[in-house]
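Have a look at it first, then read on.

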Amino acid sequence: RSIAIRNCLARDQHGALSVSPAALASSDRMTMQVSRFLAGPNLVEVVLRQTSAEYLELLRTVLRGNAKLSRVAMNEPGLLAHRPPTLSLGMVASAVVDAAAHLASLDATQRSALTATVLATGDLPSRPQHGDFWPANLLSGGGRIWVLDFDSYGEIRVPLLDDITFTLGTLGWRAENLPRGVEHLGSQHSE
């Protein structure tokens, strides 16, 4: 399944995001997925060296490219298992609020406001997500950003999950490897 997804996504360019096609290699002892060797640092290493302007451009590039990947996967008949066209946030509101409240160190009033907002959102369109879209699963090399690890692609359909995972992950690394990226983003700090 991940080979079919990778090969579908590898057919098109997605901004500066790229996906390497894959194939199966077999022997009498094992079968494995293979693709070309990709050399370059993962994006954790890259974002730690970037200026704020470079980081914001990288963030813009990755998020736009990821949206294109999702659209391609949605439009390929039979690529992903059928899922409902919408998701009800009411069913996952508690988990969403708990995770966000922890990451952003929200007080009771902020948590209550976030809960009300999530519940008021109602249904959202279902969108395939990578599911493990953190900076270490993206490599920078040859003027492109390569997306890796498609084992769970499309199993998660919560819109923007990949974007939030990537953004919070990179903010966390930039803020001295602490999960305080949201606080940092909302502060008066020049970074």
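At 1.5 Å a residue, the 14 residues of helix 6 should span 20 Å, and the end C-alpha atoms are 20 Å apart, so the two agree. The expected span is 1.5 Å times one less than the number of residues. Helices here are DSSP runs (H or I, at least four residues) and strands are E runs of at least two, numbered from the N terminus.

A word on the source: this is a predicted model, where local features need pLDDT of at least 70 and side-chain atom pairs count only at pLDDT 80 or more, while totals for chains, interfaces and linings use all residues. Residues are numbered from 1 along each chain as its sequence is written, and side-chain values use heavy atoms, leaving out hydrogens and water.

| Helix | Residues | End-to-end C-alpha span | Expected span |
|---|---|---|---|
| Helix 3 | 24 residues | 35 Å | 34 Å |

Buried means under 20% relative accessible area (exposed is over 50%, partly exposed in between; 1.4 Å probe, protein chains only). Among the buried residues of helix 3 are Tyr 55, Leu 58, Leu 59 and Val 62. Their cover includes helix 1, helix 2 and helix 6. Helix 6 has buried residues too, including Asp 162, Phe 166 and Arg 174.

Now for a loop: Ser 126 sits between strand 5 and strand 6. Ser 126 counts as buried because its relative accessibility is 7%. Leaving aside residues up to four places away in sequence, Ser 126 touches Met 74, Arg 83, Pro 84, Pro 85, Thr 86, Leu 87 and Arg 157, with contact meaning heavy atoms within 4.5 Å.
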